[in-house]
Amino acid sequence: MRYSERPAKQFLFNLLRKKFALSRERQIGLDVACGKMIFRPWFETRRYIGVDLDAGRIREGREKYPEAEGVVCAMEEMDPALRGDFVACIQAIGINSHFDPGNTLACVRKLAEATNEGGILIFNAGLPDGSSGEKIEALLRPHFASVEAVPYGAFNAPIGRPAAYVMAQAMNVLPFLRTVAGERRVLYTCTGRKHAA
Ligand SMILES: C[S@@+](CC[C@H](N)C(=O)[O-])C[C@H]1O[C@@H](n2cnc3c(N)ncnc32)[C@H](O)[C@@H]1O
């Protein structure tokens, strides 16, 4: 399990712990914006490929997980041949300071294209003010059999790990707490990638 001092992030980690079970027995795991590959142990795929624009982070990840493959590039520039059966992109789109929010839709399209037929795509995104995320969903729906969007983002200030854990549990059972105020984020789980035209 990963722990955070921020309830919103802890809520995300709790959900992701379950979602990553979908990677079991799949061939290629693609961790886009992998950072130091902290999610490496959560991938139950036969291969793991981490992609990040920060060469130092890729190096650190590979020092810890020597069997991991690493690719240094921006997701915007990913080679179309770089594809996975379980693709994840966590804490990057519309969230990380190195990410250009103007590239949100282009990157979501890129992630969908990087998902093999029958595959799964999981990512979270920070929504800019005034955006409902409708454009992201409209882009995804034609390409997947199912698209689940879980909005969250409230309570993103650090309050210490024990309190954040309790708050995240409350957010799990009382959905209004996830969006009552503060930042607006969405966790997307897309399954059943359709045949790419
Ligand atoms: C907050 S870290 C998250 C790392 C990892 N996904 C995790 O959750 O532990 C965000 C990462 O996104 C990477 N990043 C930001 N924009 C990117 C882009 N356009 N293409 C590839 N990586 C990007 C950063 O270099 C950084 O390593």
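Me: Which residue in S5 does phenylalanine 86 stand opposite?

Reply: Phenylalanine 86 stands opposite isoleucine 120 in S5. The strands here are S4 (residues 84–89) and S5, which pair in the parallel sense over 5 bridges. Strands count as paired if DSSP finds at least two bridges between them. As for the labels, strands (E, at least two residues) and helices (H or I, at least four) are DSSP runs, numbered from the N terminus. Keep in mind that this is a predicted model: local features need pLDDT of at least 70, side-chain atom pairs count only at pLDDT 80 or more, and totals for chains, interfaces and linings use all residues. Residues are numbered from 1 along each chain as its sequence is written.

Me: In what order do the strands of the open sheet come?

Reply: The order is S3-S2-S1-S4-S5-S7-S6, 7 strands with mixed pairing. At the edges sit S3 (69–72) and S6 (144–152), each pairing on one side only. Neighbouring strands are turned by 15° against each other on average, direction ignored; angles run from 0 to 180 degrees between N-to-C directions, with axes fitted to C-alpha atoms, for helices over the stretch in contact.

Me: What about S2, who are its partners, and over how many bridges?

Reply: S2 (residues 47–52) pairs with S3 in the parallel sense over 4 bridges. Valine 51 faces valine 71 there, and isoleucine 49 has glutamate 69 as its bridge partner in S3. S1 (residues 28–32) also pairs with S2 in the parallel sense, over 5 bridges, with isoleucine 28 bridged to arginine 47.

Me: Where do side chains point in a regular strand?

Reply: They alternate between the two faces of the sheet. On burial, S2 has 5 of its 6 residues buried, and S5 has 9 of its 12.

Me: Why does alanine 181 count as exposed?

Reply: The test counts other C-beta atoms, placed from the backbone, within 10 Å of the residue's own: 20 or more is buried, 12 or fewer exposed, and in between partly exposed. Alanine 181, in the loop between H5 and S7, counts as exposed because it has 10 C-beta neighbours inside 10 Å. Alanine 138, in H4 (residues 134–140), is exposed because it has 11.

Me: How are two packed helices described?

Reply: By the angle between their axes and the distance between the axes. In this model H1 (residues 7–19) and H5 (residues 161–173) pack at about 65°, with axes 8 Å apart. The contact involves Pro7, Gln10, Phe11 and Asn14 of H1, and on H5 Ala164, Tyr165, Met167, Ala168, Met171 and Asn172; contact means C-beta atoms, placed from the backbone, within 7 Å.

Me: Which strands does H1 touch?

Reply: H1 packs on the sheet against S5 (115–126), S6 and S7 (185–193), and its direction makes about 155° with that of S6.

Me: Last one: which residues come nearest the ligand?

Reply: Of the 18 residues around the ligand, Ala33, Gly35, Asp54, Met75 and Phe99 come nearest. A residue is near if its C-beta atom, placed from the backbone, lies within 6 Å of the molecule. By class, the shell has 10 nonpolar, 4 polar and 4 charged residues.

Conventions. Ala, Val, Leu, Ile, Met, Phe, Trp, Tyr, Cys and Pro count as nonpolar, Asp, Glu, Lys and Arg as charged, and the others, Gly among them, as polar. Two residues are in contact if their C-beta atoms, placed from the backbone, lie within 7 Å.
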